[in-house]
Each structure stands twice: as C-alpha cells, then as structure tokens.
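Here are my notes on the model, as numbered points you can follow alongside the viewer.

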Amino acid sequence: MDAARTMTVVRSSATASARTTPRFEDEVTKLIDVSKCIGCKACQAACTEWNDTVQPIGYFTGSYQNPPDLTANMFTLMRFNEWVNPKSGELEWLIRKDGCMHCADPGCLAACPAPGAIVQYANGIVDFVHENCIGCGYCVKGCPFDIPRYSAAPAKAYKCTLCSDRVAVGDGPACAKACPTEAIVFGTKGEMLHHAAGRITDLKSRGFESAGLYNPDGVNGTHVMYVLPHADQPELYSNLPSDPHVSPWVRVWKGAAKTYVSLAAMAALIVGAVVHHAAGGANRVSEKDEQAAKKLIEGKE
Amino acid sequence: MTNLWTDIRSADLVIVMGGNAAEAHPCGFKWVTRAKAERGARLIVVDPRFTRTAAVADYYAPIRPGTDITFLLGVIKYCIDNNKVQWDYVKPFTNAAFIVMEGYGFKDGLFTGYDPAKRSYDRAGWDYEIGPDGYAVLDPTLTHPRCVWNLLKQHIAPYTPETVARICGTPREKFLHIAAMIAETSAPNKVMTSMYALGWTQHSYGAQNIRAMAMLQLILGNVGLRGGGVNALRGHSNIQGLTDLGLMSELIPGYLNMPHETEPDLASYLKKRTFKPLQPDQISYWRNYPKFMVSFLKAMWGDAASADNDYRYGWIPKLDIPMYDVIQAFEMMAQGKMNGYVCQGFNPLLSFPNRTKVTTGLSKLKFLVVMDPLDTETANFWQNHGEYNDVDPSKIETEVIQLPTTCFAEDEGSLTNSGRWLQWHWAGGDPPGEARSDVWIMAQIHLRMKALYAKEGGKLPEPILNLDWRYKDPADPTPAELAREMNGSALEAVTDPQDPAKVLVEKGKQLPSFAFLRDDGSTACGCWIYSGCYTEAGNAMARRNNADPGHAEIYPGWAFSWPVNRRILYNRASCDLSGKPWDPTRKIIEWNGTKWVGYDVPDTLPTANPETVMPFIMDAEGTSRLWARGLMVDGPFPTHYEPFEAPVANVLAPGVQGNPAARVFPDDRADFGTATEFPLVGTSYRLTEHFHFWTKHDRVNAMLQPQFFVEISEELGREKGITDGAWVRVWSKRASIKAVACVTKRIRPWTIDGKTVHLVGIPLHWGFMGLTRKGWGPNSLTPVVGDANVETPEFKAFLVNIEPSTPPTS
C-alpha cells in the first residue's frame, strides 16, 4: 500500500483505468473548472473533515455562501455571485471555489519574517509550518488573493495546504476527491494545462467566446488554476483579481530586511503587527499602502 | 429510472425539469457533467428558480410551479406540428394506431364518465375497440378519427406557444427555443434523457406530469435507447427499494396489488390481473401474475399455504378504499379513528402536509413508536420549543416510545438506487448506545406478538402464528437470509413445462430468476422482480466488477439490476423493426437473425422475432401507451389543471380548477386559501448542503447551511420592503412561520394570464432538533391534498403571503 502511494501506478485491479498519481516531486496543480462546478460545497465539507477544523455554526446572512468568508478554520469557500450578462440579458450564477492559489511567486512567503514558517516545495505547494509561525499576520498582507486567515488562539495564520500531507503519499487533495462533478481535478501542471485546453474548447463551442485559463503571470503562475467561462473578466467571480502580483511593500520589506537598522525596525513592526492583530485581526493591503510602497521604491519620498 | 445513472453519459441532450439534479443528486449529476464534457451534450433546465443545476445549464427557462403538463403538451404539439416525430418508432412501438371505443370525449376540462358526487371517473369508456377476434382494432394508416394519434392531436391542440406563455409564464421565445432543441432528438441517432424528481411528483396531478414526458419521449423515439428514457431521481438512497418491496398500503412486493374486499378469493383477484395480449404474438408478461402471487404467498406462509386453501390468500388484509396513504392516515388520526402509529424511518412532523394537522393527529394517539437513528421532531412533537413548536405538553397524553436504530453505515444489506441497482453494503462501524437494526427490532416485535397470540388468542391470529419464519436465529434474521428469501427458491423440483422429466432447478435450491417461478406452490419468492439477486452463484448484489463491455456504460458485472440484471428497460426499442440499432454507435442489443445479442439482457424473449413481437412486453398491447386506457384514475391523457391553491383560474377550463379526480377531505378543503388572501405562489425544495432532516444533526452540514431562509425576487423584495438577510413572516391559510429572507436574482416574477405572479421559495431542512439554528419547514404551510393516482402530497405549488417581520422570540 505504501509503495503504491509513493510510486507511479500504471495498472490497478478492479478499476476501469489506472489512476495516474503524480510523483510527489512533480510540479502539481489543482484545476478548478468553474463551468462544471455546481456549488455543492462538498469540497468545503471534505476540507474541514480532512483538516479536522471546527468552523462554528453561523447564521444565514442573505447568501448561500457559508461561512460568509474564509476563516482560520475554513480554508476553502464557495463564493456565489449573481450576474446578469449585459450581452445576453441572462442571469449567470457564478460560483467559485476560493482558497490558496499556491503561487509560483508566493506573496505570503515573500512577506513572512519568521524563518521557515512558510515553505514552497519542489512540487509547487506553498505550506505554512505552524511551529515556526510567529503569528505576525504579514502573510495576510503579502497575499495578493486575500487568502490566509489569522487565528487569535493559537496566534497563527492558516490556509489551504493543497493537502500536502495527502500529496506526499500520492493522493490528491481532499476537495478534489470529494468533488462529485470532477470540477476539481489534480495532477501535474502539464496535465492540467492540457485538460484545461480541452475544457476551453468545449466552452467556446457553447458560446463562451472568452473562456480561458486563469494562471496569472503576475505571480509567475499558480498551482491552483481556474477554467473560467469569462476569463476576460475574472473579477466577476467574486473579485478574483485580474492582475494579481506581490505587493511592492513586500519587496521593500525584503530589501530592507538586509540591514541591521531595518531589522530593528522590523522587530518593532512585528510587535506592532501582533498588537494590531490581537486588537483588530488581519487586514488587507489597501490602495494607499500600494501607492506608498511605489513611492518608496521610486525614492520620491 | 428506465435507464441507469452511468447511462446519462450517453445522452445528446439532457433535460432537467421537475427536479434539481445538481443540488439534490450531486453525485449522479457527474454523468451529466461527463455527457457535456465528453460528448458535447447540451443541458436544458426548466424550473421555477434558477437553481444550481441551471447554473451549469446551456439553456434555462423559468416556469410557474404546477404547469409542467401545459409546457410538455406544448412541446408535443410543437414536435407534431413540425413533423419532428420518429415515425418508424411511433407507428409500431406505441399505441398510436389503436382505435378507442366510441363515446370517448373531453370537454371543459373533464373526460367522459365523470361523477362529481364521487369525484371520480367511470373509466370503462377509455378503452380500445375490440374486434371479433378478441384483439384491439388498429388503423396503421393513422387516419381513423378515433385512433389514439388523432385523439392526441385533438387533445393537445390548445397548447400553443402562446398558451404555454399564458399559463406557465415561460416567455414564448424561450419555450420555442427549448422545443426546437428537444425536437432535434426525433432523429434516430439523437437521444434526449429526462431527469425528474419530486418537482413533478408532488402535485395533485404528479403522475400525469410524468406521463406527459413519457409521451414526448415516445414520440421522439427516445425510450429504450442508451442515453434516453424517463428517469426518476429517487429522493432517498433506498426509496426505490421501498416501492419495489411494496411498502405502501396498496402494494405488496414487486408491484403486485394489495387485494380489495371485492376480490374475496384468489381466482377473483387473479382474473383481473392476468392480462391477455391485445395484439397477436405479444408477450404480455403480466400473464405470469399468478406465478408471482402464488410464490409470494408461499414465501409468506410456507407449508401452511397450499392450493386447497387458496395459498392463504384469505390471510392478506383486503382494502376497503383505494389506499391507506399518509394523508388518509393523518385524517383518521385527526378524527380519532387511528390511535396507534409506528413511525419507522420517517419524520412526519416535518414531512407531511399541514403540520398543525399532523400535530393534532399525533396528539390524539394512544401510542407513537418512533424507530429512527436520530432524535426526530416527530418523536418530540409534544415538547414545547417556543414559537418553533408551540404545543402544551400537559394537554398531550400520547405515549411516545423511541427505539433507536442503526443508520445505513452501521448495518449490512442492500440499497436499491434510482437506476434499480441493488448494491450490497457492509457495516462501516458499530451502532452507538442501545441502537439496534430495524430487522432485529421488527423480529422482536413479531416474536412477542406471536407469543401473545399463542397465549391469549385474539382476532385472526393465524397469519401471525403461521408466518414462515425459518431463520437460523429467529430473533435476528440476517440480511443475507432476507435477501435469499426475496430471490426465491424451489420448494419442489422445478421442471421444464415442455419436458416434465427435465429438472430445471433442484428442490431446495435458489432460483436463477423469476422465469422459474411456478403457480402450483412449488416455488417461493418474496419479491419476484428481485429474483436473481441472490442465487446459487452467490450474492449478485455484492458484485463489484466494473468492466464495461462495448463501452456501453452499463457495467453488467456491478451489483444487480432488477429485473434479471437488465440495465436499460425496454432496450428492445433501441432497435428498429428489423432488429438493427437505431444508432449503431450506441448499440445496446441487436437481432443477429436468430436471437437477440448484445451488452445488456434483452428486454424481450431471447428468440422473439423483431418483426412480430413488439418491445413493450409488460403491456398487453406489446406497445407503449400514448393513451393510458383506464390505468390512470384522472384521464387517459394528461391535461392542464391548476394546483388546488393557484394564483389564477384555469384558463383552459374555467369550471375545473384542481384535478377533478383528486381526493380531498372536507376539513382540508376548508383549509385551502384563495389568491385574494394569499396572492403569492409557494414552493418547496431541497438544498444540496442537507439531506432532508438528517444532516442538520451533523456539524459540518449544519455549518454549511446553518439557518432556515426563504427566497424571493428582488421585485417582490422591493414591493414588500424586504431586504436580503432581514426577517420575514410567511403565512398560508394553515400556519404562519418566520424566516430570514434571501432576496435574489435567481427568482423572477412571471406574467400569468396578464397578471404578475411572485414566488416564495421555501427550502425544507430545518426544525427544532439538531445542530442548526431552529426553524420551520414548508410543510407547516402546505395544503393537504395528494396526487389523484398515488396521493403524493401537493408540496410544490400552494399559496402564501409574506411581510417584513422580527426574529422569533424563542
């Protein structure tokens, strides 16, 4: 059994076809085909079951989206958006499974000041190593997709691990396993690019002229990709950023961290961040922050 | 399902109407996704709401609840008017050419033979003209004015696209777009599948909704083919098994009928049911009814049943009314005429109509036994939960006995899925606490009753005392023993009728299939359609071979499919009159010149000549039926009626509002609301996050959909001053409930007969037990009236009103 999990299976008894599992050193990708997704939340259920998290039972807040946002206990979330297509006048219910994109150039990792708290594996998975996490919340700021969530107790940040523990033994992520319509598929990046191309051809045959792949260059591509019927307008899918990139703030941060002076300043900032989070939780990089960072880089201030 | 889940993958067009497959059957919906991705199949959704199925559809159209017959007859008319009929299928394989008796007519919403005092029809006049040879008279030219085809054309004439728009609220252009997509599948090499569920059954004319789709599929030549059929998506993992085993007051296992008191002996009972063929050379398989019935009686009473005592037919209770369905039961309870109730695996307080009446009925019982894995609302109906269950326990004397049972994952047995697969499963864990299997509990009750009868006597103790109960451990029959009993065995050697010296099945052996059943008492079989599930070769239900010969998507070595492991019913109709597949790329069986061969078990005799033996072997005609004869109590054709609570009058027959053949009790009729007082249409449905009232007891499901809500359009929200996420009160003639509002673009008002009509969508998963926030279900509001044929309550169309409100006080 163990061997079958770490070696490539090419034939398998009593199954229609051999399951091809990526070897754990291959570059892996989860492909989410929005056009096949029925918003059933099986992925959310599987995620919380596998990761053994306990998300409290909340309230109905006017949408099928529950909980209303990602939390430190809910690493993936079906986001629902009702959109009337101005071209056709018809309603489209755009449902997107949100969660960590496992960027090739991960903003969280770049922003993280704690040695070894965020790692990127050779297969592309970006993982949080919680024993090294100092709970500063800078990964939250660093993420261009607004994914990590800060937990006050324990004071750590959490997000989707792409089921690194499952992938390490030759399985796919729990969400992909649970997905009833095969909207979530998992394999090597090459396989997923190929699969996505076929899906895009199908969508174009159904009138989705702008169907395409979401694998944004701004973060050097991602290890979670989407097939989007309206790939020209990713923001329709509950604000999926059209051009995500690592904030210039993070670059500044990393550059500055090379000097002693800055290290001292950084330490102060960390303390500040902890206090900030304890008081008000994580927040997003605002437009103002971005502008300030740009000015800083350009040396105009 | 006529077909099977995996077969949906072979469809060119999928129509989901009267159901919401993606949400209520997400795992089965995988095959729709595959058909789309791998075959380029298109998906149509017609639904009052823009559902999660609609979210992945190629084309969606809205429809007002309760008007599906109008829509479907409109599509049939479109197909006939545009000659989108698969004539080579329709002429030989349907009863289009059969001539109907003189005197039949349809006028002002009523078929001939109606008795308003009895609210029922004399159906004798709805049959065929019979010739001197004893066979039905046919006109293959379809020119006779009384042939079924011409009566059909006449019947559907009013259902123009304009009428569809006027009644259904479906915009004319959208209706025509869908009709054109469907009509394309009249080509022999194009196939549509129909997926429906409770959106069609839960109406006072639910069975006729399904008839309408069956007729359309027949006209298009889509029944019996891979990727086709009329496919009921069953609402529980084993509800197909429930109906197969006859767990209804009017049925016994295998769709045999419970006898009526006018049938005092076996001969009078069998005479009505042993159907002789209506055309020469036809199989008319129900001719074997005596074999099924006698074998069933032998399974019940073993050695005590013999030819000289009518096989103990006299011990079966006889009905004095058509059926004792749940609506009847709760009416009797409310009247104090039923005072004990064993509630096994049901939660009627949340699932039967007009909860106030359910509470009244339960409160009048002497005892209520609840067998359930969960602590249900029904078991706690007497507890006060503030506004959520406003009862006074001091006034309720019902003794409630809860017997905790195992859940499906804690015991062994088979589940029959929508596709008629009997799939064996094994216990995945031990039951908690004192929970015991339903079988164990039933066995204890039986043995104790038997002992009491033996000791004390009583009225007619014989059926209990003589019940065949030869299990290794009488106190705990095993699932395998029960399954073997369903399959049937030879009590004496079964011999070849042509050569009595030839023994086909030795005495004491399991029967290979129902083909070996006899009506002379030499065989016993608990459920004839399940015969073959557990033979001498072993437990066929436990088979797990997923080989797929010919890539036909039928996996014949996986589990067992009734009947006789046949995967696609009527598969003989997948071939033309010469026995060649209509679409060679989708071959399932074919005639090789001497016999039928292929991937599936042929749905005809193996050597039945394709030119003479027609494909619908269960029907005395040999054909399928566009005309239902007298087999439906409410008409040989479907026709438009309004729900009993409707926002508009019946525009096609102003004098007849609801189904005239539906049974309505006077107290329930008095509880119907009018559109003046209750102008909004209510409908009920499931959400994918929950399964009925079970999963609110589970932490994860409760988190994913934590609280009761109702859905309304933005237009209605503006009109009533209701905002998204605010509290509302929804009330009908019967009750008032509170919910959080979901104001959504997915619901839009319709224009019905020139009038704006709004919908209030009411999902059904909340109650006062479990882990979710407390709430209500739609059954608090719904009227008590059922389908005229099978009494499924009208949960899908009723009248309500809505206003902004405050949260419940408790």
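1. In chain B of this predicted model, strand β15 (residues 413–416) and strand β16 (residues 421–425) run antiparallel and are joined by four bridges. Two strands are said to pair if DSSP finds at least two bridges between them. Gly413(B) has His425(B) in β16(B) as its bridge partner. The two strands form a hairpin with four residues between them, and Arg420(B) in the turn has a positive phi of about 65°. Helices (H or I, at least four residues) and strands (E, at least two) are DSSP runs, numbered from the N terminus.

2. A word on conventions. Residues are numbered from 1 along each chain as its sequence is written, while chains are lettered from A and ligands numbered from 1 in the order in which they are written. As the model is predicted, local features need pLDDT of at least 70 and side-chain atom pairs count only at pLDDT 80 or more, whereas totals for chains, interfaces and linings use all residues.

3. Chain B also has an open sheet of five strands in the order β3-β2-β1-β8-β9, with parallel pairing. At its edges stand β3 (59–62) and β9 (230–232), each with a single partner strand, so one side of each is left without a neighbour in the sheet. The twist from one strand to the next averages 20°; axes are lines fitted to C-alpha atoms, for helices over the stretch in contact, and angles run from 0 to 180 degrees between N-to-C directions. Strand β8 (residues 192–196) of chain B runs parallel to β9(B), and three bridges join them. Here Tyr196(B) stands opposite Ala232(B).

4. Now for chain A, where an open sheet of four strands has the order β8-β1-β10-β9, with mixed pairing. Its edge strands are β8 (184–188) and β9 (212–214), each pairing on one side only. On average, neighbouring strands of this sheet are turned by 25° against each other, direction ignored. Strand β1 (residues 28–33) of chain A pairs with strand β10 (residues 224–228) of chain A in the parallel sense over four bridges, and Leu31(A) stands opposite Met225(A) in β10(A). Helix α7 (residues 189–205) of chain A packs on the sheet and touches β1, β8, β9 and β10 of chain A; its direction makes about 135° with that of β8(A). Residues count as in contact if their C-beta atoms, placed from the backbone, lie within 7 Å.

5. Which helices of chain B come within 9 Å of each other, axis to axis? They are α3 (residues 68–81) and α9 (residues 206–219), which cross at roughly 15°. The two are therefore roughly parallel to each other (angles under 35 degrees count as roughly parallel, over 145 as roughly antiparallel, 65 to 115 as roughly perpendicular and the rest as oblique). Among the residues making the contact are Leu72(B) and Ile76(B) of α3(B), and Ala212(B) and Leu216(B) of α9(B). By class, the contact residues are eleven nonpolar, two polar and one charged; Ala, Val, Leu, Ile, Met, Phe, Trp, Tyr, Cys and Pro count as nonpolar, Asp, Glu, Lys and Arg as charged, and the others, Gly among them, as polar.

6. Phe330(B), Met333(B) and Ala334(B) in α13(B) meet Lys357(B), Val358(B), Thr360(B) and Gly361(B) in α15(B). Four of the contact residues are nonpolar, two polar and one charged.

7. On domains, whose bounds come from an automatic or database domain assignment, chain B has domain 1 (1–115 + 140–235 + 565–639) and domain 2 (666–804). The contact takes 25 residues from domain 1 of chain B and 28 residues from domain 2 of chain B.

8. Finally, the contact between the chains takes 36 residues from chain B and 33 residues from chain A. On the chain B side, α2 (30–39), α20 (699–704) and β29 (736–744) each supply at least two residues. The largest share, four residues, comes from α20(B). This side of chain B divides into 17 nonpolar, nine polar and ten charged residues.

Key
Contact = placed C-beta atoms within 7 Å.
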